[in-house]
Amino acid sequence: MGGAAFTLTVNGSNFQSVSKVQWNGSALTTSYVSGNTLTASVPAADLASGGYATVSVVTPAPGGGSASASFAVDYPVPILSAISPTSAQGGASSVTITATGSNFVPVSTIDWNGKALSTSYVSATQLSASVPAGDLAAGGSIAVTAATPAPGGGTSSAITFAVSAPPAAPGGGGGLGMFSLLLLACLNLPWLLAQRRRRA
């Protein structure tokens, strides 16, 4: 992806002097070498985007026909430089992460401990993704990476995202303490009444 123009050599059989090499359906400037070999010039513009290109050899009528094969234009390996924010409160509803770096492409994702998040491509240097509440339910350290699929591609080095422990439920301890006090009072009531009778 993003490479310079080059000469493609196509090997096969039954090529004719009128046979042409096509790149994703567009004819390339083709040279006939022999019935088994053609060469064609692939311009840099055809390498601007990564993915799989369809390379075909087409021979016109009468007769003729076509045959094709795939050509991989490799995506670059993404580089992750920073994320923002780098932490969140456990139990939060959600948080949006912005990743900055380089070599991002439209199919790149922000990964959360290896799991791809729903990611928006902003530019070759920025991605954003929403972390759902389920991934923030418990505290811990999360490895955040940028990933690009094949062809080429790969996974960046990781940056740690910290999820703090969720806050304790309000009034939990106080409610239990009050119940304990009431229980003790009820258990001691007969003894207190007996003591009062003796004093009377």
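Asn113 sits in the loop between strand E11 (109-112) and strand E12 (115-116), where strands are DSSP runs of E with at least two residues, numbered from the N terminus. The model is predicted, so that local features need pLDDT of at least 70 and side-chain atom pairs count only at pLDDT 80 or more, while totals for chains, interfaces and linings use all residues. Residues are numbered from 1 along each chain as its sequence is written, and side-chain values use heavy atoms, with hydrogens and water left out.

Although Asn113 is not a glycine, its phi is positive, near 55°. With a relative accessibility of 48%, Asn113 counts as partly exposed, a term for values between buried (under 20% relative accessible area) and exposed (over 50%), computed with a 1.4 Å probe on protein chains only. Asn103, likewise not a glycine, has a positive phi of about 65°, and its place is the loop that runs between strand E10 (94-102) and strand E11 (109-112). Asn103 also counts as partly exposed, at 33% relative accessibility.

| Peptide bond | Omega | Loop holding the proline |
|---|---|---|
| Ala61 to Pro62, cis | near 5° | Pro62: between strand E6 (51-59) and strand E7 (65-73) |
| Ala150 to Pro151, cis | about 5° | Pro151: between strand E15 (140-148) and strand E16 (154-155) |

Note on methods: Helices (H or I, at least four residues) and strands (E, at least two) are DSSP runs, numbered from the N terminus.
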